Amino acid sequence: MEESHNFAERTVTKKAEGTNLRNRILLWILYFVVFAAIVVSIIVTNGGLALWGFLFFLGLIALVFFTQRLVKEERKYTIENAKLHIYNVNAGGKEKLAFEEFVSAFSVIAPVNDEYQAQIDAADEKLDCRGDRKSPDSYFGLLEKDGKKTAVLFETTNAMLKIMKFYNSKGTVVVNVRY
C-alpha cells in the first residue's frame, strides 16, 4: 500500500486557563469539602462512623478519578486529503470534530504575532483551538465565507506548515516552529 506524504498530525493538551482553570479550582474545593465532612463526621461520632467514613473516602477517590477526566481536554490537529481537521479529544479518548476545511479555502495562514494581529482582530468570529494561548507554535487561518470572516487559531508543526504551503502557496506564511 502506498503511503501518503501529505498527512500530518499533532495533539496538544489544553492548559489550565480561563474557564478550565475555574472548573479545576471548584473541583478541588469540592474535594476538600467532602474530605472535611468525612473527617468531621468521624470526630463527632468518636469513631462510630469510621466504617462509613472509610466508604465515603473510597467514594471521594472515585469522585476525584471521574471528575478530573472532565477538565482534561486535548486538541488534535490533522491535515489529511488537503483538509485541516481539528478535534476536541476528551479524557476517554473520544474525538469530536470541532472544525474541518480545505487548506486552500483560507485566504491567510500565518503565525499569531503582532504583525498579523490586526487581521485576527478584524475577524467577525474567532475559533480558538489552541492548547495554550501563549504557545510559540500558534498560527491562525482566515476563512471568508458568505461575507463573514472567521479566524481559526491552532498550533502547528513544521510538517503541517509544509503541507499547508503545498496546498495554499499564496496565503501561507511559513516561520520555523518548535516541532
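1. **Salt bridges.** Six salt bridges turn up in a search of the whole structure. A salt bridge here is a side-chain nitrogen of Lys or Arg within 4 Å of a carboxyl oxygen of Asp or Glu. Side chains of opposite charge can pair when their charged atoms come close.

2. **Basis of this note.** The model is predicted: local features need pLDDT of at least 70, side-chain atom pairs count only at pLDDT 80 or more, and totals for chains, interfaces and linings use all residues. Residues are numbered from 1 along each chain as its sequence is written, and side-chain values use heavy atoms, with hydrogens and water left out.

3. **Glu101 and Lys145.** The side chains of Glu101 and Lys145 form a salt bridge, at 2.8 Å from N to O. Glu101 belongs to strand β4 and Lys145 to strand β7, so the pair ties together parts that are 44 residues apart in sequence. Helices (H or I, at least four residues) and strands (E, at least two) are DSSP runs, numbered from the N terminus. Glu101 is buried, with a relative accessible area of 12%. Lys145 is partly exposed, with 43%. Buried means under 20% relative accessible area, exposed over 50%, and partly exposed in between (1.4 Å probe, protein chains only).

4. **Glu125 and Lys148.** Another salt bridge joins the side chains of Glu125 and Lys148, at 3.5 Å from N to O. This pair links distant parts of the chain: Glu125 is in strand β6, Lys148 in strand β8, and they are 23 residues apart. Glu125 is partly exposed at 36% relative accessibility. Lys148 is partly exposed at 41%.

5. **Arg178 and Asp137.** Which residue forms a salt bridge with Arg178? The partner is Asp137, and the closest N and O atoms are 3.1 Å apart. Arg178 sits in the segment after α4 (158–167), Asp137 in the loop between β6 and β7, and the two are 41 residues apart. Asp137 is buried, with a relative accessible area of 0%.

6. **The β1 to β4 sheet.** Four strands form an open sheet in the order β1-β2-β3-β4, paired antiparallel. Two strands pair if DSSP finds at least two bridges between them. The edge strands are β1 (8–13) and β4 (95–102), each pairing on one side only. Neighbouring strands are turned by 15° against each other on average, direction ignored. For such angles, axes are lines fitted to C-alpha atoms, for helices over the stretch in contact, and angles run from 0 to 180 degrees between N-to-C directions.

7. **Strand β2.** β1 and β2 (residues 74–80) pair antiparallel over six bridges. Arg10 stands opposite Tyr77 in β2, and Val12 stands opposite Arg75. On to β3 (residues 83–89): seven bridges join β2 to β3, also in the antiparallel sense. Glu80 has Lys83 in β3 as its bridge partner. β2 and β3 form a hairpin with two residues between them, and Asn81 in the turn has a positive phi of about 55°. Five of the seven residues of β2 are buried, so β2 is largely enclosed by the rest of the structure.

8. **The β5 to β8 sheet.** What is the strand order in the open sheet with mixed pairing? The order is β5-β7-β8-β6. β5 (106–111) and β6 (125–128) stand at the edges with a single partner strand each, so one side of each is left without a neighbour in the sheet. The twist averages 20° from one strand to the next. β7 (residues 138–145) and β8 (residues 148–155) run antiparallel and are joined by eight bridges. Lys145 has Lys148 in β8 as its bridge partner.

9. **Leu143.** Leu143 lies in strand β7. Leu143 counts as buried at 7% relative accessibility. Leaving out residues up to four places away in sequence, Leu143 touches Phe99, Glu101, Ala105, Phe106, Lys148, Lys149 and Thr150. Contact means heavy atoms within 4.5 Å.

10. **Helix α1.** The 26 residues of α1 (residues 19–44) should span 38 Å at 1.5 Å a residue; the end C-alpha atoms are 37 Å apart, which agrees. The expected span is 1.5 Å times one less than the number of residues. Asn20, Leu27, Tyr31 and Ile38 are buried in α1. The buried residues of α1 pack against α2 (50–71). Just after α1, Asn46 takes a positive phi of about 55°.
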